[in-house]
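Colleague: Please take a close look at one part of this chain. Then set that part against the rest.

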Amino acid sequence: KYISMDCEMVGVGPDGLDSALARVSLVNYDGDVLLDRFVRPVEHITDYRTHVSGIEPHHMMPESNPMTLAEAQSAVWKLIQGKILVGHSLKNDFKALLIEHPRKMTRDTSK
């Protein structure tokens with residue numbers, strides 16, 4: 001019934017000021033990992049923000065098997081359907097994933 005989500009971003013564009021999804025993690029109510037994958041941005045990464053995100057260049061290499069944004073969107077969408085989604089600043093995660101979730105089905109800890 002409840003799923004918790006967190007996304008990590010990297011910087012793209014000039015000076016790395018724009019954010020792009022680089023990792024998405026979802027766990028169920030019991031803490032079981034449902035999804036935890038790196039996501040390779042389409043844009044060139046100009047700031048890995050490692051001190052905040054934990055993302056490093058090797059995570060985006062083919063041998064680390066990062067998902068595409070489309071794969072991440074699909075996987076997350078399937079997992080959250082009909083579920084109450086819990087997270088911190090979910091609007092940023094939804095923006096990065098380019099998806100929406102019903103407001104009545106979200107619990108944002110930043111509020």
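**A loop and its surroundings**

Modeller: Pro-62 is exposed, at 65% relative accessible area. The classes are buried under 20%, exposed over 50% and partly exposed in between, with a 1.4 Å probe and protein chains only. This is a predicted model, where local features need pLDDT of at least 70, side-chain atom pairs count only at pLDDT 80 or more, and totals for chains, interfaces and linings use all residues. Residues are numbered from 1 along each chain as its sequence is written, and side-chain values use heavy atoms, with hydrogens and water left out.

Pro-62 lies in the loop between α1 (50–53) and α2 (69–80). Helices (H or I, at least four residues) and strands (E, at least two) are DSSP runs, numbered from the N terminus. Most residues other than glycine have a negative phi.

Ser-89 also has a positive phi, near 55°, and is not glycine either. It belongs to the loop between β5 and α3 (90–97). Ser-89 is partly exposed, at 21%.

Ser-89 leads on to Asp-108. Leaving aside neighbours within four places in sequence, Asp-108 is in contact (heavy atoms within 4.5 Å) with Gly-87, His-88, Ser-89, Leu-90 and Lys-91. Asp-108 is in strand β6 (residues 106–108). It is buried yet has no salt bridge. A salt bridge needs a side-chain nitrogen of Lys or Arg within 4 Å of a carboxyl oxygen of Asp or Glu. The nearest side chain of opposite charge is Lys-111, 5.3 Å away. For charge, Lys and Arg count as positive and Asp and Glu as negative, while His and the chain ends are not counted.

Side chains of opposite charge can pair when their charged atoms come close. The salt-bridge count here is one. Asp-36 pairs with Arg-23, with closest N and O atoms 2.8 Å apart. The pair links distant parts of the chain: Asp-36 is in strand β3 (residues 33–38) and Arg-23 in strand β2 (residues 18–28), 13 residues apart. Asp-36 is partly exposed at 36%. Arg-23 is partly exposed too, at 26%.

Now the whole chain. It has three helices and six strands, in the order β-β-β-β-α-α-β-α-β. Its radius of gyration (over C-alpha atoms) is 14 Å, close to the 13 Å of the globule rule for 111 residues, so the chain is as compact as a globular protein of that length. That rule is 2.2 Å times the number of residues to the power 0.38. The C-alpha trace spans about 35 × 30 × 25 Å along its principal axes. Buried residues make up 38% of the 111 residues. Among contacts between residues at least 6 apart in sequence, 48% join residues at least 24 apart.
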